[in-house]
Structure formats: C-alpha cells, structure tokens
Amino acid sequence: MTTTSTTGPVADARALGLAHYAARGVLEHVLARHGATFQQQIVLRAAITTDAPQTPGDLVAQVQGFLKADPADIRATLDELLAEQLLDADGAHLRPTDAGRELLAVVGAETAPISARIWGGLPAEDLAAAGRVLALVTERADAELAALTVRPPGAAQGRGSG
C-alpha cells in the first residue's frame, strides 16, 4: 500500500510570500546588473507582450492589476523607461524600443538556466495543482482587495454593535 507524504510544509500566505520573494530576489539580482528594476521589467514586459500599442493609461492600468502598485509610481516608471529610451512615445501610444526588447531578451537568457534549476524536476501534476491553487488564491485576494477599496473608511467587516 502506498501512502502520500504529508510531512511537507502546508501552503499558506507565508509560504507563498517566501517563495515569491526568493524568486523575485533572483530576478532583481539579474536586473540590477543591467541597471533595471523589477517594476521597470514588469512595465516593459507589459508593453512588449501586448498585441497592440498601448497608451500610458493602458499600461498603468495593466501593471496596477499585476502589482497592485500606486499608479503614480507606475507613471514614474514609465517616465524612467522613456528617459532610458527603453520605451518610445509614438503619438498617444508607447512602444518598446529595440533597446527595451534587447534588455528583456538578455535578462531572459540570464535567468533561463536559473529558472530551470529552480523549477526543474518538479512533477507535472504538482505544478498543475500549484497553478490551480495560485490562480484561486489570486482570484480571491483580488476580490478581497476590491472589497477593501470600495468599503467606506471605518466600516469594519464582521463587527457587531454590541
């Protein structure tokens, strides 16, 4: 009879956060060698992977959805990418430059073997289960964040009147 081991850590918010920051730390180390930040990479990737050119407002909204960051900070990142000529304004739209595409390609090439070592050997069924759980956690957290942002200040949830 075969039993499944349950001695491993249970997935929870702390475990998710630790995994996120460990992986992000690797990426940020590689980005720093190229003078780029995590947020710059996220904005640049959003600009590169869209089907159509986006306005600054489109990119801010998209990245805000990913990072839950302050729109003013994302706009500052857009300005940095424009100043560094990694993005270029084309009328009302922003387009990645060849230098921006090259930066992401170089960072991708440098992180690929690291990612292979991190993710390599994990069973496909474990990755599929983790993907399902992470998608559900993301959906629920997004819903909770949306509720928090529309709830009036001082309207604590779950408190009775006495």
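Author: From the N terminus on, the elements run α-α-α-α-β-β-α-α. That gives six helices and two strands. Keep in mind that this is a predicted model.

Reader: OK. How do strands S1 and S2 pair?

Author: S1 covers residues 87-90, and it pairs with S2 in the antiparallel sense over four bridges. Asp90 has His93 in S2 as its bridge partner.

Reader: And what sits between the strands of that hairpin?

Author: Two residues. Gly91 takes a positive phi near 70° in this hairpin.

Reader: Switching topic. How much space is in the largest pocket?

Author: About 1800 Å³. The lining consists of 44 residues, and Leu16, Ala19, His20, Trp119 and Leu134 are the ones nearest the pocket's centre.

Reader: Which elements give two or more residues to that lining?

Author: Five helices do: H1 (13-33), H2 (38-49), H3 (56-67), H5 (98-119) and H6 (124-150). H1 gives the largest share, with twelve residues.

Reader: What is the lining like by class?

Author: It has 28 nonpolar residues, ten polar and six charged.

Reader: I clicked on Gln41. Where is it, and is it buried or exposed?

Author: Gln41 is in helix H2. It counts as buried, because its relative accessibility is 7% and the cut-off for buried is under 20%.

Reader: What is Gln41 in contact with, leaving aside neighbours within four places in sequence?

Author: Leu27, Leu31 and Leu104.

Reader: How much of the whole protein counts as buried?

Author: 20% of the 162 residues. As for the surface, the protein exposes about 11100 Å², and 58% of that area is supplied by carbon and sulfur atoms.

Reader: Last one. Among contacts between residues at least 6 apart in sequence, what share joins residues at least 24 apart?

Author: That share is 55%.

Methods
Residues are numbered from 1 along each chain as its sequence is written. This is a predicted model: local features need pLDDT of at least 70, side-chain atom pairs count only at pLDDT 80 or more; totals for chains, interfaces and linings use all residues. Side-chain values use heavy atoms; hydrogens and water are left out. Two strands pair if DSSP finds at least two bridges between them. On a 1 Å grid over the protein atoms alone, a cavity is a set of points where a 1.4 Å probe fits but cannot get out, and a pocket is an open set with protein on both sides within 12 Å along at least five of seven lines; lining residues have an atom within 4 Å of a point. Grid points are joined across faces, edges and corners, and a volume is the space filled by probe spheres set on the points. Ala, Val, Leu, Ile, Met, Phe, Trp, Tyr, Cys and Pro count as nonpolar, Asp, Glu, Lys and Arg as charged, and the others, Gly among them, as polar. Buried means under 20% relative accessible area, exposed over 50%, partly exposed in between (1.4 Å probe, protein chains only). Contact means heavy atoms within 4.5 Å. Accessible areas come from the Shrake-Rupley method with a 1.4 Å probe; for residues, only the protein chains shown count as cover.
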